[in-house]
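Biologist: I'd like to go through this model with you and ask what's behind each label. Can you set the values against the cut-offs as we go?

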Amino acid sequence: MGYVEKSLTPGEEIVYKAKLHWIIYVPAIFYASIAVICFFGRYLPGVTNPIVFDIFAGLFGIIALYYFLYAFKDAITTELAITTKKIVSKTGLLWRETSEQQIAMVDTINVHQTVLGRILGYGTITIQGAGMARTMFKNISQPLTFRQMVGKMTGKSTQSMVTV
């Protein structure tokens, strides 16, 4: 049972749960690819010192592992959900940051997507409401769906919520 489920009040239900997009693993994939290239580079004709390739393959492999673990930690510890009464968010493993905003108090949800983000279906969501500081979530999968669900719950038109 996650933080969102534990924060529900009697009669409150989860309407939509957002997830981080797989794009968060791109740095790990990049460094792992370099590690593989270095590993197989030792077999190129004319290579006199293959240990150099092995060292670089190991270093890039360690960097790839670091980025993978960091992204994995973010993926399993980030929760963003819309319930029948509020928007709930939680990030962090050891240091936790939580936020709850009453659905009726949400003024705007800004969605920022790059061209690649639009193609692959990810973006940044910024939630702003009465009495609440701006809350930003990067690399959210299907941010427009999240905004539409908040629009349904608030009864506000999604045209009044911004897309950049």
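**Labels and their cut-offs**

Modeller: Let's start with the rings: the count comes to 10 aromatic pairs, going by the rule that rings of Phe, Tyr and Trp (its six-membered ring) pair if their centres lie within 6.5 Å, with planes under 30 degrees apart called stacked, over 60 edge-to-face and the rest tilted.

Biologist: Why is the pair of Tyr-66 and Tyr-70 called stacked?

Modeller: The ring centres of Tyr-66 and Tyr-70 are 6.2 Å apart and the planes meet at 25°, so the pair counts as stacked. Bear in mind that this is a predicted model, where local features need pLDDT of at least 70 and side-chain atom pairs need 80 or more, while totals for chains, interfaces and linings use all residues. Residues are numbered from 1 along each chain as its sequence is written, and side-chain values use heavy atoms, without hydrogens or water.

Biologist: Where do Tyr-66 and Tyr-70 lie?

Modeller: Both are in helix 3 (residues 50–77), 4 residues apart, or about one turn of the helix. Helices here are DSSP runs (H or I, at least four residues), strands are E runs of at least two, and both are numbered from the N terminus.

Biologist: What makes Tyr-70 partly exposed?

Modeller: Its relative accessible area is 43%. Buried means under 20%, exposed over 50%, and partly exposed in between (1.4 Å probe, protein chains only), so Tyr-70 at 43% goes in the partly exposed class.

Biologist: And what makes the pair of Phe-68 and Phe-72 stacked?

Modeller: Here the centres are 6.0 Å apart and the planes lie at 15°, so Phe-68 and Phe-72 are a stacked pair. They also sit in helix 3, 4 residues apart. Phe-68 has 37% relative accessible area, so it is partly exposed, and Phe-72, at 39%, is partly exposed too.

Biologist: Which residues do ring pairs link into a cluster?

Modeller: Phe-30, Tyr-31, Phe-60, Tyr-66, Tyr-67 and Tyr-70.

Biologist: How do you know that Lys-73 lies over the face of Tyr-70?

Modeller: A charge sits over a ring if NZ of Lys or CZ of Arg is within 6 Å of the ring centre and within 35 degrees of the ring normal. Lys-73 is 4.6 Å from the ring centre of Tyr-70.

**Salt bridges**

Biologist: How many salt bridges does the structure hold?

Modeller: There are 5, each one a side-chain nitrogen of Lys or Arg within 4 Å of a carboxyl oxygen of Asp or Glu.

Biologist: What makes Lys-17 and Glu-5 a salt bridge?

Modeller: Their N to O distance is 2.8 Å. Lys-17 lies in strand 1 (residues 14–18) and Glu-5 in helix 1 (residues 3–6), so the pair ties together parts 12 residues apart in sequence.

Biologist: How do you know that Glu-12 forms a salt bridge with Lys-86?

Modeller: The closest N and O atoms of Glu-12 and Lys-86 are 3.5 Å apart. This pair links distant parts of the chain, with Glu-12 in the loop between helix 1 and strand 1 and Lys-86 in strand 3, 74 residues apart.

Biologist: Are Glu-12 and Lys-86 buried or exposed?

Modeller: Glu-12 has a relative accessible area of 7%, so it is buried. Lys-86, at 5%, is buried as well.

Biologist: What about Asp-54 and Arg-42, where do the side chains meet in a salt bridge, and at what distance?

Modeller: Those side chains meet at 2.6 Å, N to O. Asp-54 lies in helix 3 and Arg-42 in the loop between helix 2 and helix 3, so this bridge ties parts 12 residues apart in sequence.

**Strands**

Biologist: Why is strand 3 called largely enclosed?

Modeller: In strand 3 (residues 86–91), 5 of the 6 residues are buried, so the rest of the structure largely encloses it.

Biologist: How do you know that strand 2 and strand 3 are joined?

Modeller: Two strands pair if DSSP finds at least two bridges between them, and 4 bridges join strand 2 (residues 79–83) to strand 3, running antiparallel. A hairpin connects the two through 2 residues.
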